[in-house]
Structures are given as structure tokens and as C-alpha cells.
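Please have a look at the model below. The notes that follow walk through its overall build, a sheet and a helix.

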Amino acid sequence: MPAVEETVEQVKRIDVDQYKYGFETHIESEKAPKGLSEDTIRFISAKKNEPDWMLDWRLGAYRRWLTMREPGWARVHYSKIDYQDIYYYAAPKAFKAPKSLADVDPEILKTYEKLGIPLKEQEILAGVRKQGEPSELDDETTGGEYTSGRVAVDAVFDSVSVATTFKEELKKAGVIFMPISEAIREHPDLVKKYLGSVVPTSDNFFATLNSAVFSDGSFVYVPEGVRCPMELSTYFRINEANTGQFERTLIIADKGAYVSYLEGCTAPMRDENQLHAAVVELVALDNAEIKYSTVQNWYPGDAEGRGGIFNFVTKRGDCRGKNSKISWTQVETGSAITWKYPSCILRGDNSRGEFYSIAISNGHQQVDSGTKMIHLGKNTISRIISKGISAGKSNNTYRGLVSAHRKATGARNFTNCDSLLIGNQCGAHTVPYIEAKNSSATFEHEATTSKISEEMLFYCQSRGMSAEEATALVVNGFVRDVLQQLPMEFAVEAQKLISISLEGSVG
Amino acid sequence: MSFLEIKNLHVEVEDKKILKGLTLTVEKGQVAAIMGPNGSGKSTLAYVLAGKPGYQITEGDILLNGESILEMAPDERAAKGVFLAFQYPVEVPGVATMTFLRTSLNAQRKTRGEGEVSTPEFMKLVRETSAHLGISADMLKRGVNVGFSGGEKKRQEILQMAVLQPRLAVLDETDSGLDIDALKVVADGVNRLRSPERSMIVITHYQRLLNYIVPDVVHVMAKGKVVRTGGKELALELEAKGYAEYVGEAA
């Protein structure tokens, strides 16, 4: 059979049911009554023992949201979301913030064990191994990486944070890393000062909804001059049916501080769609640097396009101080719909924004993702490297904005957007918006679209690789520039994830 | 039993008949040269042996060690020991040569039910072979064939062959685009791999390569068939007289 036909055959048979994180944890949970009203918001706020100012902030956002309309400009199609048919709050029953891992429900610990990503974190999270102790995962090829690697984890299960590791050690360094619900009580001044300062409550439909109902997420504050001694990470898990997850993350790097933060996400397989509308705000002051990495693997839906997570996320970083730097790296493999544009506001002079993205779509997935680089300060620099891979019947759109303000003299941007198509029933689209309001800005844009060539596959296969191994190798080569931006241990996981996501996409 | 037996092979590409009843045998350990004019089907034969998609086999069979390989995917054939050194090696951007070699070798070993190659053993093999072929450590880290000259690409093919240790190596116009120095290096690399356990098919348009890789037997192909077989002196005769006689004869 000629290869083209064969690929078509394979694509027809495509099966995205290979999602290996699709199990459900059976645990009794406590939910807010279904639907959204001021009472729901009061319920959530009360559950979190929030001060009045926080409740008012939420209610303000809710009232604003009632006047807003769902955006329709993205290249994604989905049936109408019934916002009254969602639970806005779910927590494991009798949940109290655990003092130590011993207090964490064993079912939840098992869940994280089964998720297995990243192994090391899970090992530490489960208290099996102390940091710095040799790990079984180490061999000569990892060069002791698992032994020396230390990652503090905040695990968010539905609407609550179930465990945060390394809190004490971080405290010694002056770093605050805790669930945002705790930060609201313990560090109200910091939260008040920065929450909503990058993504205002009125920003957009989904961000405003999040502001009203957000349940948990991580809060990070790295004080002046401190280099955070380890990677920080949050692992998000949606478990309950019909439940939305609305997490809120706020990271502040004070003057001269540095922090690297990673997030991972998974959800059980369900026939209905679930809504995930998160907001992430980053603030980098003078000379500070924040590196934010995401490995997103929400359930993508089944082979017929049933179920899967609707991922409507607002992520924005503010390079508020001079010489500051914010870098976004994302590996997007999951979700039925991805609507996500991690952006940088380059406010400080000489500040830098970076966006490295790998977005993979297979089956019936729809991805509309990209970034915005808003140059406001002088001599600001931004760099965008986006790699989109479409397989199956999916659609993958890169949508990006690069803009230089009138005062942003000497602004520079380099954009490279590559798309790779596997099979002939998928689509890749590139929608770049570029605007320069001063004559000294230098913007470069490169874009390519290619198909995995049969020549290339045959070459690899003639050396002994199966069609799938060959595709994975070619794809890994295609995304290499971006993978290199990920912290080592996540890069390995991301590489595996890419292979899994593309399983069944070729013959 | 011959190691490779091609029996009355008929092959079409997009309804065009290319091979028209080709019969050829290659013994174990034999180096067979295949010469012929352009369009005689030499490269088609190479691709069909390796299992390239898009070639319709309408008649005949190919037996490797007595077993038909027609239904086997390219990777299964590779695991059985078939290797094709491409006339135009393909670029694989972003995949380091080292990674490519290791992935290929381990994939073959997996298919054969063998364990993965150990890191030190693998490194030693690659280092030694690349030194002989004048391939620098830096090139091993670069993307497969990306930005390499014609000669560099051909050396890479021989390196792959040395690492994969095939039982049947098919070299498709490995001499094309090589200057005399590069030709010697490549021929030397091939000669090192000559072994009583390894059969080779050296496809070439010119006799020149056969001064360096001396064949045990020379086959002449024209219009999709083997039209003459002889010893190494046949190559010299072809060099002197050209292919005109065969082109006319087969018509």
C-alpha cells in the first residue's frame, strides 16, 4: 500500500484513548451547590476563611462577569458551556490543611504515585526519600540528576492544595511558597498589592470568572536578592466530575531575585467536558528573573472528540522593573480545547520576555495558543519560538501579538513559528499580529509549515526504527530548541509525553 | 542457498514498469557490483530491497536467507540485516547523529529480541569508526546530515553501516558527488566492513569506484533486467565501450 494511503488509514483509526492518567480517585468530596451565584462565591470564600476584602474583590469580579460575553474570536468550536451546570468548588471530604504528609489522605497520595510525573517529586512528596539521598532512578546516564535535583511541590487536588513540600527550607531562604488561600490569610499585604495587578479582574471573560471563583493555586514570593534554592512546582489534578478548576497563581520576584517554577496537570477521562479557567500572574521587579514552565496534559477527549478539558487560561507576566526577565516555556499536549496566550508586558527598560512553546494536537483536539509581547520600555527584547504539531483531525493555531509602544525605542523581537503536519486531515494556522509604533523597533518573523516527509520516515525506518519510533524521533528533533529550555528532569518527561501524544498518528 | 535471491522481479511505480523480470543472486560474503546506464532501474532495485513505500511488486519474489521479505516493513528488514546506503541521504533536523545511531541500533536489537547496547561499547564503536572516516566529534553532535556536504553525507552513511553491522549492505551510487580523496576514504570504510558474513551490492554508474572496492562479480543492468554477468574485468570493458550495446539490445 502506498505510504500516503497507509497514513490516511492510520489517521482514520486514530485513537486518543491512550491517555494514561485517565483514572479516577474514589474519594468522598464536599462540593459547593451546583451553579454560580453570589452565594456560591460567599460559600467558597467562607470555606477558605477569607477576609472581607477578598470576598469583596471576588464579588466585584462576579458582577463584572455578569456583564461580559464569552469571546468568540479564537479558532475553536465547542458547544455552549452552561455555567450553571458546573460545581465551582470540590474538596476531599473532612479536608483540613495537612500539617505533614502523614495527614494526607492515602488515596490522594496513591493518586500522585499513579500519576508518576515527575517521579522524583512524587517520591519526595510521598516522603519515601529525603532530598539529596541517592534515588533508584539514577544511573550513569542521568549523572546523579535525581539525587541532586530538588523540587518543592504544591499539589492541588480539585479545589484545594493537599500538600506543599520543602516549606521550611524555603522559609529559611526567605522564600514564601504556599497555597494562595493560605497566603491570603498569612500575607495579606503582599497579596493585596499584587493580586490582579497583572491580570485585572476586568481583563477578559475567563479571567474575570476566575477572579470570582478561584479556589486554590500557588503563591510565591522571592525576596530581594534571593536566588530560590530549588525548583518550585505545582501539580494540578482535576478529579471530581462536573467540576471546574479555577486555580490562581501569583509569583513575585523582588529586586534581583530568581525563581524557576513548573506546573503539571492531568485529569480523569470523562464523557463530558470540564472547564479549567486559570489565571497566572507573574511580577518581576528590577533585575529579577522568573522562569515559568508548564507541562499541560489535561484529558484531551476520546477518539470521537467526546469529553476532555476546556482549557481557557490567562497567563501574563509583568517585567515591571528594569533589566527584568520573564521566560515562559510550555509543552501543551492535553485538553480538548486550549485557549492560552502566556504573555509578557515589557515595562522596565532593557527587560526581556521569552516564549518557548510546543503545542501538540491529535485526535479532535483544538489548540489556539500563542503569546503577546508588549514592548513598553526602552531597549526591550523578546523572543518567541513556537512549534506546533498537528496530527489526526486536530487543528492547531498559533496566534501571537508583538507590539512596540511609541516610547519603546530600540525594541527588538525575534519570532520563529514552525508547524509540522502529520497526516492530511489536520490543520495548522499561524496568525501573527505585529505592530510597531516607533521607527527604531526591529521585528523579525520566520514561519515554516512542513509535513513529516515520507523520505524522512523511510530513512529512519530503513535503519530499524518502527514508524512510531521514527515519528517520535523526527518530532523530538523538531521541538528540540524548545525542550532545551525546560528544566532537565521535565525535559525527559516532556519528551516521553510527546511520544505518547502522537501514538497512533502514523503507520 | 544464496544469501539473497531475487526471482523474476517486476516492479511498477505509479503504473510505470521499472523492473521487468530481474533475477539476481548474491552469495554470503560476496561483493556484487551492479552497473548500468541511467534509467536501468538500479536505484529502484535498491529501494525495493530496503522496502520503500510506493513501489508495487507485480510479480516475482525476494528471498533473504531463504525467507521472502516482500511483506516486511523497512524496519523489519533492517532488523534482518538489510542496510541501504542512500544515494541522497536524508536530513533529520534537530536529531543528533549520535542519538540517531543509538536509536537505530537499539530499535533493531529490540526487534531481534536482544537487549540495548551498553553505553561504553557503543561509544567505543562510534569513536573508532568515525576516526577512520574522518568524522569529527562535533559532527556527531550535529543534526543528522544537516548542512553536511555531499562527501560528508556519504561518510555518515558508511558510519551508520559500520554501527549497524548489516548482513546485506546495498550501496546506491555511494561514489556520486565524491572527489577522489573522499572516494578513497569511503571505499576504505567499506572495505573494512567486508566479511565472509556480509554480502554487499555496490551500485554504480562508473567503474572508478570499483578500483577501490574490488567486486567479486559484476552484473550489468539495462531496462529493468540483469543483461550480463561477469568478473571484475567486465567493469573495465564497460568503461571502455560504454553502455550503448546494452541499451540497444534490451530494446
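In this predicted model, 54% of the 251 residues of chain B count as buried. Chain B has a radius of gyration of 18 Å, which agrees with the value near 18 Å that a compact globule with 251 residues would have. Along its principal axes, the C-alpha trace of chain B spans about 55 × 40 × 35 Å. Among contacts in chain B with a separation of 6 or more, 70% come from residues 24 or more positions apart. The chain holds ten helices and twelve strands.

Now to one of the sheets. Four strands of chain B form an open sheet in the order S2-S1-S4-S5, paired antiparallel. S2(B) and S5(B) are at the edges with a single partner strand each, so one side of each has no neighbour in the sheet. S1(B) and S2(B) run antiparallel and are joined by eight bridges; Leu4(B), for one, has Val26(B) as its bridge partner in S2(B). Helix H1(B) lies across S1, S2 and S4 of chain B, at about 110° to S1(B).

Over in chain A, helix H3 (residues 52-66) has 15 residues, which at 1.5 Å a residue should span 21 Å; the end C-alpha atoms are 21 Å apart, in agreement. Its buried residues include Met54(A), Leu59(A) and Trp65(A). Seen down the axis of H3(A), the buried residues fall within an arc of 160°, so they line one face of the helix. The cover over them includes these helices:

| Helix of chain A | Residues |
|---|---|
| H2(A) | 38-47 |
| H8(A) | 180-186 |
| H10(A) | 205-213 |

Note on methods. Residues are numbered from 1 along each chain as its sequence is written. Chains are lettered from A and ligands numbered from 1 in the order in which they are written. This is a predicted model: local features need pLDDT of at least 70, side-chain atom pairs count only at pLDDT 80 or more; totals for chains, interfaces and linings use all residues. Side-chain values use heavy atoms; hydrogens and water are left out. Two strands pair if DSSP finds at least two bridges between them. Helices (H or I, at least four residues) and strands (E, at least two) are DSSP runs, numbered from the N terminus. Contact means heavy atoms within 4.5 Å. Axes are lines fitted to C-alpha atoms, for helices over the stretch in contact, and angles run from 0 to 180 degrees between N-to-C directions. The expected span of a helix is 1.5 Å times one less than its number of residues. Buried means under 20% relative accessible area, exposed over 50%, partly exposed in between (1.4 Å probe, protein chains only). The arc is that of the directions from the helix axis to the C-beta atoms. The radius of gyration is taken over C-alpha atoms; the globule rule is 2.2 Å times the number of residues to the power 0.38.
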